[in-house]
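I opened this entry to look up the fold, the surface and the charged pairs. My notes follow the order in which I checked them.

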Amino acid sequence: QRLAEEQLPSVVDANVAMTMKEEEDALTSMAQAYQDALDAANENVDLLSSQIDALESELSLIIARMDKTTEDKERISAEYAFLAKTYGDLKKTVTELEQRAAANN
């Protein structure tokens, strides 16, 4: 019995040491899992950031094209108005010339 009592503290110390080692291993494992999750999240953030940059660039090009289209529409509208006025003036002049020619005949 005395031998068992002497061995008991060493067995308890070994169990405590084993439990602490298991806890340390579990904490290390959890820390690694959290680090892996954080790394994956950072990769996703990087991917999304690059996609945002690409979308901003594409949007900028689309807006520039829309502005160009608006400018083209305004230019064409102004040219049409000029041509319509010029045609009206020309038709008026032709009508006046025809009336003078008819009056002279």
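I took accessible areas from the Shrake-Rupley method with a 1.4 Å probe; for residues, only the protein chains shown count as cover. On that basis the chain exposes about 9,600 Å². Carbon and sulfur atoms supply 61% of that area.

Ground rules. This is a predicted model, where local features need pLDDT of at least 70, side-chain atom pairs count only at pLDDT 80 or more, and totals for chains, interfaces and linings use all residues. Residues are numbered from 1 along each chain as its sequence is written, and side-chain values use heavy atoms, with hydrogens and water left out.

Fold. I looked up the secondary structure and found 1 helix and 0 strands. Helices (H or I, at least four residues) and strands (E, at least two) are DSSP runs, numbered from the N terminus. Helix α1 covers residues 2-104.

Burial. I sorted residues by relative accessible area: buried is under 20%, exposed is over 50%, partly exposed is in between (1.4 Å probe, protein chains only). Of the 105 residues of the chain, 0% count as buried.

Salt bridges. I required a side-chain nitrogen of Lys or Arg within 4 Å of a carboxyl oxygen of Asp or Glu. The structure holds 4 such bridges. Which residues are linked in a network? I noted Lys68, Asp72, Arg75 and Glu79.

I then went through the network's arginine. Arginine 75 pairs with aspartate 72, with the closest N and O atoms 3.8 Å apart. Arginine 75 also pairs with glutamate 79, here at 3.2 Å between the closest N and O atoms. Aspartate 72 sits 3 residues from arginine 75 in helix α1, about one turn. Glutamate 79 sits 4 residues from arginine 75 in helix α1, again about one turn. Aspartate 72 has a relative accessible area of 23%, so I class it as partly exposed. Arginine 75 is at 41% and therefore partly exposed. Glutamate 79 is partly exposed because its relative accessibility is 41%.

Next pair. Lysine 85 bridges to aspartate 89, and their closest N and O atoms are 3.0 Å apart. Both lie in helix α1, 4 residues apart, about one turn of the helix. Is lysine 85 exposed or partly exposed? Lysine 85 counts as exposed because its relative accessibility is 54%. Aspartate 89 has 39%, so it is partly exposed.

Patches. I kept residues with over 30% relative accessible area and no salt bridge, joining like charges within 9 Å and nonpolar side chains (Val, Leu, Ile, Met, Phe, Trp, Tyr) within 5 Å. Lys and Arg count as positive, Asp and Glu as negative; His and the chain ends are not counted. I placed each charge at NZ of Lys, CZ of Arg, CG of Asp or CD of Glu.

The nonpolar surface patch is formed by Leu59, Ile62, Ile63 and Met66. Together they have about 360 Å² of accessible area. Leucine 59 lies in helix α1. Leucine 59 is partly exposed because its relative accessibility is 48%.

A surface patch of negative charge gathers Asp36, Asp39, Glu43 and Asp46. Aspartate 39 is found in helix α1. Its relative accessibility is 34%, so aspartate 39 counts as partly exposed.
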